[in-house]
Amino acid sequence: MEQLIEILKELHPDVDYENCTTLITDKILDSFDMITIIAEVHNRFDVVIPADELGPENFNSARALYALITRLEDE
Amino acid sequence: MLFTSFEFVAFLACVLVLYYLIPVRFQWILLLVANVFFYACSGLYGLLFMGVTIVTSYAAARIMSAVQYHMDDTVKAHKEVWSKQERKAYKQQIKRKKRMIFIGCLLVNLGILAVLKYTNFAIANVNGIAALFTGRHSIARVNLVLPLGISFYTFQTMGYVIDVYRGKAEAEKNIFKMALFTSFFPQLIQGPISRFGELSQTLYAPHRFDFRTVWFGLERVLWGYFKKLVIADRIVVAVNAIVGQPDIYSGFYVFCGMLFYAAELYADFTGGIDITIGIAQMFGIQLAENFERPYFSKNIAEYWRRWHITMGTWFKDYLFYPLSASMPVLSMSTFCRRHFGAAAGRRIPVYFVTLVVWFATGIWHGASWNFIVWGLLNAVVILLSQECRPLYEKFHAHFPGIQKKYAYRIFQVVRTVLLMSSLRMLDCYRNVGLTFKMFGTMFTDWNMTAAMKGLLQLGLTAADYAVVAVAVVLVLCVSLKQRRGSIRERLYERTAAVQYLVVFALLFAILIFGAYGIGYDANQFIYNQF
């Protein structure tokens, strides 16, 4: 989880990723950020996030994103 | 069979009466027969290509689904036996199989679309390049007829195949139901591009006659005909006169032509979609909305979220996201960040993906450089406006509260309309160079007084302009009212007399002010040709 927060903090240092659950709905993360996140998750976790998982349900919070990474690692 | 033809109205009436007379379990079969009849009216040739799309998509979806089930069962059976690595390796192997079937299906169907739609465009470009070096054209054009609605039904069906491939939709077991999904006649020629998960349930379900549903559908159909016949098919005469004779009509005429075309396109496309959704509603079938008052948008990105919504979401879900998450783009992102810094690393992949998506959107609209340039210009404007966000934020911080001012809101709407209308000029003129030239004359050749008189020589009388103006104001008022919820719902709460009065007024307005009839060449919908 710390590694993921690190990736996210590099994009927007001021956001409280521990508690924020509206990263997409409040437009905190945009399409520019999404591609950077997917690329960094691939580099650091060796996980490819597929296109059909790029919805707010997985990107609205750091916790949801981490759950997705864990699930994809397990598959 | 055009929606605006008397044959279509008669056909629709017959199908509708039969639909509610036969046992409900046969309704979907009747719709399928109606689809075949409707499509065959435009020539049997098109049925062949649609048949290929239905059969290949059905087969691909069924095989992918079977492979998936087999994989799930095998993984479950070996849960205790296999290690994590063995399970992953097996899943990868099965995924590769599924991907091959999926790509095969995609290639066949997009290949058909590409060959039929873009062969002559490719030949023209090759000839153009050859002419630069040899001075003559070397390849003859081929005579290919584009089957009706092929761009729409191919995209809709490929969306279904992608959903099955991703495991987001179940493969349809009945090929005839699959055929109905592909060919549903109201939406066949100009969308909306429906998702299988949303449309299939309502399409195959039995529907008992419900007066309210049919009445609401009829109201929407009439409203669509009003927009199409009273506004679009009347103002098109002036648009054609202006864009057809660029040597004569420049400057202020071009400005008028640009606004006239904006009104025509809006009335034509939203009118067509109103007819489509209204007809489906009369059958008890709910189609996805394709517009949400797009000309009220504050910026171009918002406009594209509210105009041709189903096409926009199709490109987002099936091209923008897969491309964004593809290995080449991820590698590009990493490379750019390492070599050019974080800021460039964030931007370059998104610029690339956005340009590719808008290139595809442009060429989907038509096989010409006009549409490609139009698509790319949309991308440029969207990216520029995204880049300018810090500037806007500074401006708004400097003038707090300005966003809530009505005048500022109007300024934003006018800006969007003018921007989109000027980009749409590329639909009208015969090539890109001419479009830019005519756009330029709006700033150099502004003889408004002479042009105002000349507007009456474009094939429309003062009465025609008055009818269009009143109709546009009416559409605007209805759009403003719609922001507070469904007008039909509110109308339904009024007395029956008021409801009938409104519907008959609409009907008479179409009959009296509509541009149609014997000797009048009712125009095809603009989006039919895409």
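Chain A contains four helices and zero strands. Helices (H or I, at least four residues) and strands (E, at least two) are DSSP runs, numbered from the N terminus. The model is predicted: local features need pLDDT of at least 70, side-chain atom pairs count only at pLDDT 80 or more, and totals for chains, interfaces and linings use all residues. Residues are numbered from 1 along each chain as its sequence is written, and chains are lettered from A and ligands numbered from 1 in the order in which they are written.

From the N terminus on, the order of elements in chain A is α-α-α-α. The radius of gyration of chain A is 11 Å, close to the 11 Å that the globule rule gives for 75 residues, so chain A is as compact as a globular protein of that length. This radius is taken over C-alpha atoms, and the rule is 2.2 Å times the number of residues to the power 0.38. The C-alpha trace of chain A spans about 30 × 20 × 20 Å along its principal axes. Of its 75 residues, 28% count as buried. A residue is buried if 20 or more other C-beta atoms lie within 10 Å of its own, exposed if 12 or fewer, and partly exposed in between; C-beta atoms are placed from the backbone.

Chain B has 22 helices and zero strands. For its 530 residues, a compact globule would have a radius of gyration near 24 Å; the value for chain B is 26 Å, which agrees. Along the principal axes, the C-alpha atoms of chain B fill a box of roughly 85 × 70 × 60 Å. Buried residues make up 36% of the 530 in chain B.

Helix packing was examined next. Two packed helices are described by the angle between their axes and the distance between the axes. In chain B, the axes of helix H9 (residues 211–244) and helix H10 (residues 252–282) come within 7 Å and cross at roughly 155°. That makes H9(B) roughly antiparallel to H10(B). Axes are lines fitted to C-alpha atoms, for helices over the stretch in contact, and angles run from 0 to 180 degrees between N-to-C directions. Angles under 35 degrees count as roughly parallel, over 145 as roughly antiparallel, 65 to 115 as roughly perpendicular and the rest as oblique. The H9(B)–H10(B) crossing is left-handed. A crossing is left-handed if the near helix is turned anticlockwise from the far one by less than a right angle, and right-handed if clockwise. The residues of the contact of H9(B) with H10(B) divide into 25 nonpolar, nine polar and six charged. Here Ala, Val, Leu, Ile, Met, Phe, Trp, Tyr, Cys and Pro count as nonpolar, Asp, Glu, Lys and Arg as charged, and the others, Gly among them, as polar.

B:Cys256 lies in helix H10 of chain B. It counts as buried, with 21 C-beta neighbours inside 10 Å. B:Cys256 and B:Ile242 are 14 residues apart along the chain, and their C-alpha atoms are separated by 8.7 Å. A second pair spans 263 residues of the chain: the C-alpha atoms of B:Tyr20 and B:Phe283 are separated by 8.4 Å. B:Tyr20 is placed in helix H1 (residues 6–21) of chain B. With 16 other C-beta atoms within 10 Å, B:Tyr20 is partly exposed.

The axes of helix H6 (residues 175–183) of chain B and H8(B) come within 10 Å and cross at roughly 110°. H6(B) and H8(B) are therefore roughly perpendicular to each other. Their crossing is right-handed.

Helix H22 (residues 496–513) of chain B has 18 residues, which at 1.5 Å a residue should span 26 Å; its end C-alpha atoms are 25 Å apart, which agrees. The expected span is 1.5 Å times one less than the number of residues.

Most residues other than glycine have a negative phi, and most peptide bonds are trans. B:Gly191 and B:Pro192 are joined by a cis peptide bond, with omega about 5°. B:Pro192 lies in the loop between helix H7 (185–188) and helix H8 (196–204) of chain B. A:Asp46 has a positive phi, near 60°. This residue is in the loop between helix H2 (31–45) and helix H3 (56–59) of chain A. A:Asp46 is exposed, with 9 other C-beta atoms within 10 Å. Phi of B:His308 is also positive, near 45°. B:His308 sits in the loop between helix H11 (300–306) and helix H12 (309–324) of chain B. B:His308 is buried, with 24 other C-beta atoms within 10 Å.
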